[in-house]
Amino acid sequence: MNRLAGVTSPYLLQHADNPVDWWPWGPEAFAEAERRGVPVLLSVGYAACHWCHVMAGESFEDEATAAYLNERFVAVKVDREERPDVDAVYMEAVQAATGQGGWPMTVFLTPEREPFYFGTYFPPEPRHGMPSFRQVLEGVDAAWRERREEVAEVAGRIRAELAERAGVYGAGAGLAAPGEAELHQALAGLSRSFDPARGGFGGAPKFPPAMVLEFLLRHHARTGSEVALEMVAGTAEAMARGGIYDQLGGGFARYSVDADWVVPHFEKMLYDNALLIRVHLHLWRATGDARARRIALETSDFLVRELGTPEGGFASALDADSEDAHGAHREGAYYVWTPEELVRELGEEDGALAARLFTVTEAGTFEEGASVLQLLTDPEDGPGYQRVRERLLAARAKRPAPARDDKVVAAWNGLAIAALAETGALLDRPDLVEAAGRAADLLLSVHLSAHGRLLRTSRDGRPGANAGVLEDYADVAEGFLALYAVTGEAEWLGLAGGLLDTVLQHFTDEASGGLYDTADDAEELIRRPQDPTDNATPSGWTAAAQALLSYAAYTGSERHRTAAERALGVVGALAGQAPRFIGWGLAAAEALLDGPREVAVVGAADDPRTAALHRTALLATAPGAVVALGTATGEAAGPEVPLLADRPLLDGAPTAYVCRHFVCGLPTSDPAVLAEQVGSTPR
């Protein structure tokens, strides 16, 4: 065992038995490098990362490589999901130096934490123009010993360049929030990169563009743009039919290696699935699309069944790799099928039916003639489809399952809470709302301190050591706001407000209105990370802007609304240049342009007419609409909610008020009238 024994990160624990003398990130590791006069090897990855496993097996588990590494370096291992701040700072350096990034990320640092040489995966032998990992180690060691001044010069230059880049977003944040022209520009840019034949944007590899799809749905709702809706519908259908979607168990893989969504990189992440549940739910809400409804439910069930933890939270990911029939670890082994395997499990008739339904052929679409299951056409025989799907799912359950990264990440659980709460409420699944509530309770009991500060992770109900970053506060606030809208329990609104007050106090650049990824009292890195662009998850910057805007709509707080508007200034600057990477910010800008609409529903809790108005309000397609639910006297179930204040009943009947910036239209007791006011269609 090395120094990683006893940590909470499943990724770090995977390396606890390596012969490499790994250190966790911390001042002790850099002090040791300073004492010994050697550079630091920083290796960053995550538990479900396929190439991280490959490099570990090839290099970090090799005794000779480990001995050389231990002698000449201090080796530091970081879980990017626990320390997204460390990952962000050094990934920016890697991308600036090499033009690309990825994991495992391999960076060599001075004892002062300054980077001077970069890479990602390195093979054990030279390959395809790449040096071997041993050659890299030898080259860096020689440079450190023989050309130290040159190394120091490079490190200093890189640090200065990173500091220079840090000012770019701050300048953009001083601009006005985007308006109609910028959002139209974003739509035009997305139209140019849209793949009309296959759905999605750009070529291979293809990632599910959840944040962009949310923007397009909101843009369609506000403007009626059919182009926007067609891009959402085409992409959602292509993904749902393709191999990126688990046709048996539900849920989406991280991305497709091809442009047709056929062969995924098989790891399944909590954040992808939480975001995609909402996309499909909102597509169904807008259009009544039955497939979108099915995908939202199946993926919600996958989340609860396979990622739910005993403590009530949701685990981070399932690995891409698992054991195949021969006991070898292989990517996708759990998910792929051959025609022979189908016949063996189902018999000749159902095996042939399954092959036709799921496009399983002798040639295959994956390695060794296996096929990734697709559903390219709707099954004509519904009962037959359900029968073979259920039997195959039961058969697959007997295979060795992929490993699970069971740490609970606050931000991603916030996204899951929002998705499950909305899905449960709109699709008549109270069990999903209950699952969202359990996850929220876990965040309160384990992740949130008495001082209102969040911890990033926990595992087995045990809190991790790392402070929450901006996306944790923003996404958990988003989850709590969604839970309030669905349940009417005002405590969730108050808790969201507390988190957002922390954002304003500790994460905001008062001069520009921009937001930092780390708090002002967090560990000091070589630069304070700050980035409004989306990656695999919504940017913490724009997620916070959306949550601030929603909270202001509930409370009338000008302070929170102004902060949201200032934070969205950078979105206008990026809308025309890089709309694919600012989707969540564009979605928030749509809400700002629309108001957002504020819906107050008051009435007796046990009156079905109150429930009808509440459901109509939740079905609103108006961008970013907020929904408050109160009793017949206009009081919330819990602390006071300003949006519910002074809302009398209309002729004694349950009543809805639709407002913008607390200026309200005529109240109504008629769900049909309310539907017209908020863009709802009865579902």
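This is a predicted model: local features need pLDDT of at least 70, side-chain atom pairs count only at pLDDT 80 or more; totals for chains, interfaces and linings use all residues.

1. K268 itself has its place in strand β8, which covers residues 268–269. With a relative accessible area of 3%, K268 is buried, because the cut-off for that class is under 20%.

2. Turning to helix packing, helix α9 (residues 210–223) and helix α10 (residues 226–241) have axes that come within 8 Å and cross at roughly 140°. The two helices are therefore oblique to each other, since only angles over 145 degrees would count as roughly antiparallel, and the crossing of α9 and α10 is left-handed.

3. On the α9 side of this contact are L213, L216, L217, H219 and H220, which meet E226, A228, L229, M231, V232, T235 and M239 of α10. By class, the residues of the contact of α9 with α10 comprise eight nonpolar, three polar and one charged.

4. Helix α9 also packs against helix α11 (residues 270–287), and here the axes come within 9 Å and cross at roughly 25°. That angle makes α9 roughly parallel to α11, because angles under 35 degrees fall into that class. The crossing of α9 and α11 is left-handed.

5. The residues of α9 that meet α11 are A210, M211, L213, E214 and L217, and their partners in α11 are L275, L276, R278, V279, H282 and L283. The contact of α9 with α11 divides into eight nonpolar residues, one polar and two charged. L213 and L217 of α9 meet residues in α11, and L213 and L217 also meet residues in α10.

6. Which residues does E180 touch, leaving aside those up to four places away in sequence? They are R222, T223 and L593. E180 has its place in helix α8, residues 180–193, and at 44% relative accessibility E180 counts as partly exposed. The C-alpha atoms of E180 and W51 are separated by 43 Å, with the two residues lying 129 residues apart along the chain.

Definitions and conventions. Residues are numbered from 1 along each chain as its sequence is written. Side-chain values use heavy atoms; hydrogens and water are left out. Axes are lines fitted to C-alpha atoms, for helices over the stretch in contact, and angles run from 0 to 180 degrees between N-to-C directions. Helices (H or I, at least four residues) and strands (E, at least two) are DSSP runs, numbered from the N terminus. Angles under 35 degrees count as roughly parallel, over 145 as roughly antiparallel, 65 to 115 as roughly perpendicular and the rest as oblique. A crossing is left-handed if the near helix is turned anticlockwise from the far one by less than a right angle, and right-handed if clockwise. Contact means heavy atoms within 4.5 Å. Ala, Val, Leu, Ile, Met, Phe, Trp, Tyr, Cys and Pro count as nonpolar, Asp, Glu, Lys and Arg as charged, and the others, Gly among them, as polar. Buried means under 20% relative accessible area, exposed over 50%, partly exposed in between (1.4 Å probe, protein chains only).
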